[in-house]
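The sequence and the model come first.

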Amino acid sequence: MDEIKNKVPTHEELRAIIEKIAEFFKAFIAIFDDLKAGLSETFSEYKRQY
């Protein structure tokens, strides 16, 4: 049983992992919003040819 307990993360470790994922997700959303704004600005004058 101790072998299994040593492989499973503790509550604090799980909280740290979730916080790191949340930080990454927030940064990803911010980058995605910047990319979307840049693309809309770049293609704002684009006219469809057909």
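## Phe24 and its setting

Phe24 has a relative accessible area of 59%, which is over the 50% cut-off, so the residue is exposed. Phe24 belongs to helix H2, which covers residues 11-42.

The model is predicted, not experimental. The secondary structure consists of two helices and zero strands.

## Burial and surface

How much of the protein is buried? Of the 50 residues in the protein, 0% are buried.

Part of the surface is a nonpolar patch of about 850 Å². Phe24, Phe25, Phe28, Ile29, Phe32, Leu35, Leu39 and Phe43 make up this patch. The residues of the aromatic pairs described below, Phe24, Phe28 and Phe32, are among them.

A pair of aromatic rings is described by two values, the distance of the centres and the angle of the planes. The structure holds two aromatic pairs. In one of them, the ring centres of Phe24 and Phe28 are 6.4 Å apart and the planes stand at 25°; the pair is stacked because this angle is under 30 degrees. Phe24 and Phe28 are four residues apart in helix H2, about one turn of the helix.

Phe28 has a relative accessibility of 45% and therefore counts as partly exposed, the class between 20% and 50%. Phe28 also pairs with Phe32: the ring centres are 6.5 Å apart and the planes are at 20°, so this pair is stacked as well. Phe28 and Phe32 are again both in helix H2, with a spacing of four residues, about one turn of the helix. Phe32 is partly exposed, at a relative accessible area of 43%.

Which residues do the ring pairs link into a cluster? The cluster consists of Phe24, Phe28 and Phe32.

## A polar contact at Glu13

Which backbone atom lies 2.9 Å from a polar atom of the side chain of Glu13? It is the backbone nitrogen of Thr10. Glu13 is found in helix H2, whose residues are 11-42. The relative accessible area of Glu13 is 43%, so Glu13 is partly exposed.

Methods: Residues numbered from 1 in each chain as written. Predicted model: local features only at pLDDT ≥ 70, side-chain atom pairs only at ≥ 80, totals over all residues. Heavy atoms only, no water. Buried < 20%, exposed > 50% of the residue type's maximum accessible area, 1.4 Å probe, protein only. Patch = residues over 30% accessible without salt bridge, like charges linked within 9 Å, V, L, I, M, F, W, Y side chains within 5 Å. Areas by Shrake-Rupley, 256 points an atom, 1.4 Å probe, with all protein chains shown as cover. Salt bridge = Lys/Arg side-chain N within 4 Å of Asp/Glu carboxyl O. Polar contact = N/O pair within 3.5 Å; in protein donor to acceptor, adjacent residues only side chain to side chain. Phe/Tyr/Trp six-rings, centres within 6.5 Å; stacked < 30°, edge-to-face > 60°.
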